[in-house]
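Hi everyone, thanks for coming.

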Amino acid sequence: MDSLTSSAAWQALAAHHAETGEARLSDLFAADAGRFERFSLSAAGLFLDYSKNRIDPRGMELLLALARSRGLENAQAAMFAGRRINTTENRAVLHVALRNRADTPIEVDGADVMPAVRQVLARMGEFAEGVRSGAWTGHTGETITDVVNIGIGGSDLGPAMACQALAALGHPRLTMHFVSNIDGDHLAGVLARVNPARTLFIVASKTFTTIETMTNAASARAWFLASGATEADIARHFVAVSTNAGKVEAFGIDPANMFGFWDWVGGRYSMWSAVGLPIALWVGRDGFEALLAGAHAMDRHFAEAPLEANMPVILGLIGVWYRNFFGAGSLCVAPYAQALARLPAYLQQLEMESNGKSVTRDGAPVEVATCPVIWGEPGTNGQHAFFQLLHQGTDLIPVDFIAPLAASHGLADHHRLLLANCIAQSKALMVGKGADEVRAELTAQGLSGEALEALVPHRVFPGNRPSNTLLLPDLSPASLGALIALYEHKVFVQSVIWGINAFDQWGVELGKQIASRIGDELAGGAAGEHDASTRGLIALAGRRLGAAA
């Protein structure tokens, strides 16, 4: 691949940053009465205001030129066409097929994948409606009241985030639980709260060998049998999301209740597949299909809109602008909706597992910094925690503000104040507060002289801190689907610019391999070769485990 940093497009951006990077946002607004209209757009029901970014029209032109020079449009077409763009695993990348609402085929190696996708979706819907209606019962004939999803990573974060986000629409009889951590406290805490006769477990593991998932699943199985249930009863209380029929059946799950997916579905892109079964159980077949429809609307926008008016493209390019030209090492995601509390954690995996890479698709070292650290919490809680750093800290940290315009509750005054805080924080980050304004405020409070001047520097806000604001019409399945698809495509855009593969995750393997060996040693196996620190830690842990046995 051609050098990124020596390209004419990159050099033009570097020169533009050197010339305009210190421009004040307040000055940009003062100079352009139409800036808000120029730097905002709607897509798939979402509204993006990106006018509070340290970018001018010329800078946007140069970013778009960079995208074209890096072959973004061809890369988009290759993904939607089912090409094997995940080169290190020789796989297509077709999460867009999972939510394809059109009648058009999507092919991999000349075969249309849509009939199989629709078949699994139909089976999921039928099963979900059976549980929700009460037609599916446990082994005692009682209806299901609790659903426990056992998975990790993409088999946990997406469904957990979506079920919490759509809490207002959940089935009134069902309570959703998500167990991912191999720490026994996670599983034990859930099992202590549920009735085995009325609990349905979903074991989500493509290979049915994931150590965390299968350890938790085995313990849940043992707990269920210890309640007085029989081996035959397992089939009424455990279902699988997997492709390994042999292991699923050996576990005791009826293969008829195994919901499969395909190798072109990456884990962190899998909530649209059978991995989303908990979502279908929670909001119903129609709700799950509305989620898919919202994502599909964003897919069509991403595939069809010109780059200049393409929301994922613009969001991705602005991220490149800050990461590579301003040196911004992190991005704060601040959803102003308590129901979106798990969104930052979901985006951590989506972005950092996708673009946390240091080599290009060709295997060469990358020339620039890639994915920033993604972090955040819901507003307004974050305002009383880390917003101090955003406003007066030494680092430039861009913020994505996200808010639904309509509430899912009847507390109208609460929602008015929530939206007021969201809008106010983006303005405060931009405009700041100068020393003269601080002096005037302190003078009005009766301070003067040295006492006043001593306080001034502590109360100055530098401002000029950038942000995006994403507004959803509501927190419905369709809006949530469009929002998640937006960030998926943003990640893809950035991967194309940086020349990396966003769809593998080899970085998660090494620690797991070492953990397996150390686990054997802690169980009494032969000692392996380790550094002094690792040997010492194994010895300490081994003694404590032996004493507790």
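Before anything else, a word we need: a pocket here is an open set of grid points with protein on both sides within 12 Å along at least five of seven lines, while a cavity is a set of points where a 1.4 Å probe fits but cannot get out. And please keep in mind that this is a predicted model.

The largest pocket has a volume of about 1,000 Å³. It has 40 lining residues, and the ones closest to the centre are Thr210, Gly267, Gln505, Val508 and Lys512. Which helix gives the largest share of that lining? That's H10, with 3 residues. Helices H10 (211-226), H15 (343-355) and H21 (509-522) each put in at least two.

Now the second largest pocket, at about 310 Å³. Of its 17 lining residues, Ala337, Gln338, His409, His415 and Leu418 sit closest to the centre. Helix H17, residues 412-431, supplies the largest share here, 5 residues. How many charged residues are in this lining? None: we get 9 nonpolar and 8 polar ones.

The largest cavity holds about 150 Å³ of space. Of the 16 residues around it, Gly319, Tyr322, Leu331, Pro398 and Lys490 lie nearest its centre. Helix H14 (311-325), strand S10 (330-335) and helix H20 (477-498) each give at least two lining residues, and H14 has the largest share with 5. The lining of this cavity splits into 7 nonpolar, 5 polar and 4 charged residues.

The second largest cavity has about 60 Å³. Among the residues lining it are Leu98, Met124, Trp262 and Trp272. Helix H7, residues 114-133, brings the largest share, 4 residues. By class, that lining has 8 nonpolar residues, 1 polar and no charged.

Last stop, the helix pair. The axes of H1 (residues 8-20) and H4 (residues 57-69) come within 9 Å and cross at roughly 160°. So H1 is roughly antiparallel to H4, and the crossing is left-handed. On the H1 side, the contact uses Ala9, Trp10, Ala12, Leu13 and His16, and they meet H4 residues including Arg58, Leu62 and Leu66. Sorted by class, this contact has 8 nonpolar, 3 polar and 1 charged residues.

Note on methods. Residues numbered from 1 in each chain as written. Predicted model: local features only at pLDDT ≥ 70, side-chain atom pairs only at ≥ 80, totals over all residues. Heavy atoms only, no water. Axes fitted to C-alpha atoms, helices over the stretch in contact; angles between N-to-C directions. Parallel < 35°, antiparallel > 145°, perpendicular 65-115°, else oblique. Left-handed = near helix turned anticlockwise from the far one by under 90°. Contact = heavy atoms within 4.5 Å. Nonpolar A, V, L, I, M, F, W, Y, C, P; charged D, E, K, R; others polar. 1 Å grid on protein atoms, 1.4 Å probe; cavity = no way out; pocket = protein on both sides within 12 Å on 5 of 7 lines; lining within 4 Å. Points joined across faces, edges and corners; volume = space filled by probe spheres on them.
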